[in-house]
Amino acid sequence: MQALVYHGPGRKAWEDKAEPALVDDTDAIVRVDAVTICGTDLHILKGDVREVTPGRTLGHEAVGTVEAIGAGVKHVHVGDRVLVSCITACGACRFCREGHYGQCLGGGGWILGHLIDGTQAEYVRVPFADTSTYPVPAGVSDEQVLMLADILPTGYEVGVLNGRVRPGDVVAVVGAGPIGLSVIMGSRLFSPSHIVAIDLADPRLEAAKSVGADVTVNSAREDASEAVGALTGGLGADVTVEAVGVPATFELAARLVRPGGHVANVGVHGEPATLHLEELWIRNVTITTGLVDTYSTPTLLRLISGHELDAGRFVTHRFTLDQFEEAYDVFARPSDTGALKVVLTREG
Ligand SMILES: NC(=O)c1ccc[n+]([C@@H]2O[C@H](COP(=O)([O-])OP(=O)(O)OC[C@H]3O[C@@H](n4cnc5c(N)ncnc54)[C@H](O)[C@@H]3O)[C@@H](O)[C@H]2O)c1
Ligand SMILES: [Zn+2]
Ligand SMILES: [Zn+2]
């Protein structure tokens, strides 16, 4: 088969690789029908994720068809259409029993395209298939479901639910990439009074409007504190969400929140950020962090089936699998290409 293989910082190729085989009896082999690229894959290619070693097939998001199952797989059947989620769950460890699948101690967590070969290939081995895949509901497209492999549960769980967005809230989202946009779309489900999107790139702010932000701030030329202050009588936002992953945006999210409000960090940080406890200690602020667990995936699947979430909006570019290198190039240059999510499918 063909797979997108990492060969060390800055190097990758769509190349021949042996088809995956069943290893454990809880495995499934899934034929990849639709797959996408994540910002995290770009971090890996920069060499930022040291656990990813040369020879690794990248990718942790896919929709596909089950080709084979191990003897211990009970609920997934050959021929099923399934969502392969970014988080694998053993289902039995302490954290899985608590729904914290991202922290799985039994060999799951974020492993696809990280610790084991991933989904950017014609076939992928999915461990713990019963607890790590989701049946695709009838009547929804592969593309829509694919957005539930990572970005929508991440935005919803780590941004919206951790941030405790409630009706009438003013929500400020720093960063309007696919994750920030998912936070905005998910926040809408709770009827906030205003959603303020903050980014440096105007095309991203336009996208933010299209998924439900009603106020946008280009923080390269506008003051986010003023914009949020104007909506809140100077108090600050009820909920702020950091969806970039650099110190400046975390510090901005902490500055924009009202006393008693929530700051939900979603961004992956590579450097220390300053926690201004000298200002925050008196403000009753709650700060949360998190890796996505994907416990919300069944809820989100019902929302897309019921047309309450339009997940397909994130897809800006479409390719076939053999165009993987071009797809990476388009995805990596969003300011030139306008890319949010790119989807690759089999030909024909
Ligand atoms: N916690 C998790 O489980 C989880 C899961 C997936 C992704 N993430 C992380 O979420 C973050 C966002 O992911 P993404 O795919 O949307 O990334 P992205 O790079 O596509 O988007 C980031 C956005 O932030 C904007 N930005 C950059 N610097 C800014 C600044 N100083 N002020 C305002 N805006 C700024 C950029 O213009 C861009 O639109 C990343 O750090 C990613 O690694 C976290
Ligand atoms: Zn991802
Ligand atoms: Zn587990």
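User: Taking tetrahedral to mean four donors with all angles between 85 and 135 degrees, what are the protein donors of the zinc ion (ligand 3)?

Analyst: This is a predicted model, with local features needing pLDDT of at least 70 and side-chain atom pairs 80 or more, though totals use all residues. Residues count from 1 in each chain, chains are lettered from A and ligands numbered from 1 as written, and side-chain values use heavy atoms, without hydrogens or water. The zinc donors (N, O or S within 2.8 Å) are the SG atoms of Cys90, Cys93, Cys96 and Cys104, which lie 2.3 to 2.4 Å from the ion.

User: What angles do they subtend?

Analyst: The four donor atoms subtend 102 to 117° around the zinc ion, so the arrangement is tetrahedral.

User: And what spacing along the chain?

Analyst: The donors of ligand 3 follow C-x2-C-x2-C-x7-C.

User: Switching to ligand 1. Which residues come nearest?

Analyst: Of the 21 residues around ligand 1 (a heavy atom within 4 Å), the nearest are Asp199, Val244, Val266, Gly290 and Val292.

User: How does Asp199 sit against ligand 1?

Analyst: A polar side-chain atom of Asp199 is 2.6 Å from a ligand 1 oxygen atom. Val244 places a polar backbone atom 2.8 Å from an oxygen atom of ligand 1. For Val292, a backbone N or O atom lies 2.9 Å from a ligand oxygen atom.

User: Last one: what is Met147 in contact with, leaving aside neighbours within four places in sequence?

Analyst: Its contacts (heavy atoms within 4.5 Å) are Leu152, Pro153, Ala311, Phe314, Val315, Lys341 and Val343.

Note on methods: Donors = N, O, S within 2.8 Å, 3.2 Å for Na, K, Ca; no water. Tetrahedral: all angles 85-135°; square planar, octahedral: opposite > 155°, others 65-115°. Polar contact = N/O pair within 3.5 Å; in protein donor to acceptor, adjacent residues only side chain to side chain.
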